[in-house]
Amino acid sequence: MKPIYIVRLDDACPTFCRSKWLKLEKILKQFDVVPIIAVVPSNLDPLLRQDKHWPRFWNWIKERQDIDGWIIAVHGYNHVAENANVGILGINKKSEFSGIEKSEKIKKISKAIKIFQRHGLNTDFFVAPYHSFDFQTLKVLRSLDFKFVSDGPGSSTFSLFGLNFVPQQLWKHKTYSSGVWTICLHPNAMLETEINKLEDILRDNSQFFLKSKTQIENLNFEKKYLKLLCSFIAMRLKRNFIKVTAYLRDYSKFQ
Ligand SMILES: [Zn+2]
């Protein structure tokens, strides 16, 4: 199977950096690429206040879903880290969901869904802020009718706790001959040159990028627990290995 690349754009909210997001919209449409947009329903993260509040924001998001078929995902509730819990993936030492009370998880995610519904948006896709979620978060998501989560290791889709996982492993494009690869980008922080680079990549490779949500729905979401467990362990080891080599490099500088 040829590779499928998915562009995931994180941290959309009414105070995002509109010029960058609208430039990316133009580029994605030019190449008929359907991204996953991680929308913060009720942002309280000062880092995501990049621009004046845009009154058309929610209409714009709804248009992207209804007109262009973009995948609009719930990206937590307010994007504020509650603690330093790394969650299952161990990517960031901060979390909005890992390690908090189950009732709080339910409250936050229910409020997020209500905000989406108030703006006429229905979605079954979730993206955890800071890539941090625990097993209980997954159970709560399932109980609130989410079907898809964008995150996790491996090169193929998998299922866990009744949720379909679309793995997210890249922060920039790499060439592979097969597999499902999600490239996570943060448009608010992207440089002009990085946006142009994405345009170049799409110009040369757009045939391998996601064209519709149906394409994801038609993938095989097998339960491969053993394989999955190995991927999680390998990911943790790899991260620690990188940390250890970084320490050694730093240490050697002072010798
Ligand atoms: Zn985020």
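1. Ser-206 touches Phe-31 and Val-33, leaving aside residues up to four places away in sequence; two residues are in contact if their C-beta atoms, placed from the backbone, lie within 7 Å. The model is a predicted one, in which local features need pLDDT of at least 70, side-chain atom pairs count only at pLDDT 80 or more, and totals for chains, interfaces and linings use all residues. Residues are numbered from 1 along each chain as its sequence is written.

2. Ser-206 sits in the loop between helix H5 (192-205) and helix H6 (213-217). Helices (H or I, at least four residues) and strands (E, at least two) are DSSP runs, numbered from the N terminus. Ser-206 is partly exposed because 15 other C-beta atoms lie within 10 Å; a residue is buried at 20 or more such atoms, exposed at 12 or fewer, and partly exposed in between, with C-beta atoms placed from the backbone.

3. A separation of 7.9 Å lies between the C-alpha atoms of Ser-206 and Asp-32, which are 174 residues apart along the chain. Asp-32 belongs to the loop between helix H1 (18-30) and strand E2 (36-39). Asp-32 is partly exposed, because it has 15 C-beta neighbours inside 10 Å.

4. Most residues other than glycine have a negative phi. Asp-32, however, has a positive phi, near 55°, and His-79 has a positive phi near 65°.

5. His-79 is found in the loop between strand E3 (71-74) and helix H3 (102-118). His-79 counts as buried because it has 22 C-beta neighbours inside 10 Å.
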